[in-house]
Each structure stands twice: as C-alpha cells, then as structure tokens.
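Thanks for coming, everyone. Let me put the model on the screen, and then we'll walk through a few places in it.

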Amino acid sequence: MRHGNKFTFTRISYHSGDWDTDQRMPVNLLNSLIEYTTIPVNPQERVVALDSEDIFSAPFCYLSGHKLVQFNAREQANFKKYVQNGGFVFVDDCNHDIDGLFAKSFENQMATTFGQQALRKIPNNHELYRSFFTFEKGPPPTSFELNGWGDDLIHDYLKAVEINGRIGVLYSNKDYGCEWDYDFRNKRFMAEDNTKFGLNIILYAMQA
C-alpha cells in the first residue's frame, strides 16, 4: 500500500489496449485523502508495468482502458500472484459497457486466470460500502452511465474476485475514472463530492 512511508497511487500498464486513461483522476483522489484523512500521501502517481517485479511492492493498483485486455504469459502470472498474495486491483471499464471490448476481454482474462466463476457480483451491503463513507444503496451511479455511449444502463452492482474472503480484484463498468477526472480544485463547485467512493475503495484496500 505504501511506497516508502506514504500511500502511493499505482497505475498498472499492460501491453494490450490503452491503459493511460483519466490522467487527472489520481491527483484528485490523493487530494481527497489529504482532505478527509490523516494518511500521508505521495503526490505523484506511480506507473508500474504488469510484467515487472515492481508490482509486488504496490499493494493498491489501478487498471483501466477502453480497448482489448489480453495479458501475455508474464503479465497473467504476475497478476495472479499479486492478487493471491494479498494485492488489491481496482479495475474500471472506461467504456461503461458490459458488452464492450474492454469488459468482454477483461472478464475473459479473469476467467482464464482465476476460474470461470471467480468474478462475481458483490452484494450492495458489502463492507466496501461502509469502509469510510456509507453508501447504503451500494455503488453510487456516475454521470457517464446514461450519456448515450456505452450500454446506456445504470449498473447497480460491482463485481469482484475474492481471495480468502477479501476482495483482490474490484471491477466496475461504471467509469469512475472519467467521473473523477477533473481538477481537484473544482470540487468546491459541487453539491456533493463525488470522489468519496474512491476513498472507500482505497481505505478498504488499506484495511485488507
């Protein structure tokens, strides 16, 4: 979770697809950690290649994209080892489309890596939704889900791969990355800070 003595937002790069999405989002979430908690943070995002041993020093990781997810043999082996050894990956589908290329290829990758039934819906009373702020209805919706792009549906659930009763891979079709991709100073214009659920994800991972 910590790189040095501070929380570091670590993004996973992978050879297929487009992994470098929503570039302002990490700084925005880090600002929220500073605003709402006393957790010391590294202000710089860290990018780690999935086929690198460096991933094992980053217990919280973020993976996203719009296109194909097809890990090579080394990437798949590292992803599996990382998750089974206690790592946490938040995976966000930038297409917000359960029938899109990212969703279909990523879900197939999880089935190949962990088994056909490993990636499952989590209940909306899961402790993830109470790890910091409380979300009684489960995952909050995003403005990108009903914009005429993607599948034009509100996804009222998230999916996860659980290892020993804890989430190792949290998977969203809701496009939180785009929802949180703005200059953190603009939060003051919002009636409700929409990054709060991001803190729940990070705090859940840190408690694992």
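Strand β3, residues 10-13, pairs with strand β5, residues 60-65, in the parallel sense, over 2 bridges. Strands here are DSSP runs of E, at least two residues long, and helices are runs of H or I, at least four long, all numbered from the N terminus. Two strands count as paired if DSSP finds at least two bridges between them. Within β5, R11 has Y62 as its bridge partner.

Quick note on the source. This is a predicted model: local features need pLDDT of at least 70, side-chain atom pairs count only at pLDDT 80 or more, and totals for chains, interfaces and linings use all residues. Residues are numbered from 1 along each chain as its sequence is written, and side-chain values use heavy atoms, with hydrogens and water left out.

Back to β3. Strand β4, residues 46-49, also runs parallel to β3, joined by 4 bridges. R11 has V47 as its bridge partner in β4, and S13 has A49.

Now burial. Buried means under 20% relative accessible area, exposed means over 50%, and partly exposed is in between, with a 1.4 Å probe and protein chains only. In a regular strand the side chains alternate between the two faces of the sheet.

Next, H66. This residue is in the loop between β5 and α2, 73-84. Is H66 buried or partly exposed? H66 counts as partly exposed because its relative accessibility is 26%. Leaving out residues up to four places away in sequence, H66 touches D18, T21, C94, N95, F102 and W149. Contact means heavy atoms within 4.5 Å. With D18, H66 makes a side-chain to side-chain polar contact at 2.8 Å. A polar contact is a pair of N or O atoms within 3.5 Å; within protein, one must be able to donate a hydrogen and the other to accept it, and residues adjacent in sequence count only if both atoms are side-chain atoms. V27 is 39 residues from H66 along the chain, and their C-alpha atoms are separated by 21 Å.

That's the tour. Questions, please.
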